[in-house]
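Colleague: I would like to learn how to read this fold. Please take me through it feature by feature.

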Amino acid sequence: KSNKIHINIRGVIMNYFDLHCDTAYECYKTGEDFYKNSLAVSGEKGMLFDNWHQIFAVWIKDNCEKPFELYKAILKDAKDKLKKSSQSLTPYFAVEGGAVVEHDIDRLYTLKQDGIKLLTLTWNGDNNIAGGVNSQKILTGFGKRVIKEMNSLNIACDLSHLNTKSFYKVAENAEKILASHSNCYNICPHKRNLSDTQIKLIYERKGIIGLCFYPEFLGGEV
């Protein structure tokens, strides 16, 4: 899930910015180290880049039983393991899954204190905030309150994974929007991808879209 690569061949300089990876969750789940592991992203592989800016997403499933406890455990594990990382790496953190909030809007303040830069509001299902691509649920009244607090805390709303109705309702209420890992529906008609109208809206709002290299979202096979 990679988003921006700039290569200066003459100077052999490579700058890399990735808006989303699942490495924090995978390292926590498998017990693997960050610097050297069997995953797509590692500190060792990151040594290729002169400047590497990486957003690590803490993945919280829609139906997670104790989402806030899991979030804290994954984040702590990631920060501990990132202490042994490439010197070129500048890490940032996000949460993929608004289920982490549950019914407690004050948890957003903890996310802010923990350094969370953006919140992907749903995964593929739904939660108390809105509905993902496998759900018909729209942005809820509670969800509007969540977005209002996110606006005040300068936490960006990540529109990736939202169904179409939730996408537009969230965009109406959020001050800072982006899609951290979404592709173009017109090129590959997958429900996780964005229509031209959605892409244009994000552009007009000065948001950014990170491409996702998952084969199924590009027209290939998994």
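Colleague: Which strands and helix make a right-handed β-α-β unit?

Modeller: A caveat comes before that: this is a predicted model, where local features need pLDDT of at least 70, side-chain atom pairs count only at pLDDT 80 or more, and totals for chains, interfaces and linings use all residues. Residues are numbered from 1 along each chain as its sequence is written, and side-chain values use heavy atoms, without hydrogens and water. A crossover is right-handed if, with the strands pointing away from the viewer, the path from the first strand over the helix to the second runs clockwise. Here the unit is strand 3, helix 3 (residues 67-81) and strand 4. From strand 4 the chain crosses through helix 4 (residues 107-113) to strand 5, again a right-handed β-α-β crossover.

Colleague: How many bridges join strand 3 to strand 4?

Modeller: Strands pair if DSSP finds at least two bridges between them. Strand 3 (residues 51-59) and strand 4 (residues 89-96) run parallel, with eight bridges. Ile55 stands opposite Tyr92.

Colleague: Which residues have the most contacts inside the largest nonpolar core?

Modeller: In soluble globular proteins, nonpolar side chains tend to be buried together. A core joins buried (under 20% relative accessible area, 1.4 Å probe, protein chains only) Ala, Val, Leu, Ile, Met, Phe, Trp, Tyr and Cys residues through side-chain atoms within 4.5 Å. The largest has 50 residues, and Tyr71, Val100, Leu108, Leu121 and Val170 have the most contacts inside it. Leaving out residues up to four places away in sequence, Val170 touches (heavy atoms within 4.5 Å) Leu121, Leu139, Ile147, Cys157, Leu159 and Leu162.

Definitions and conventions
Helices (H or I, at least four residues) and strands (E, at least two) are DSSP runs, numbered from the N terminus.
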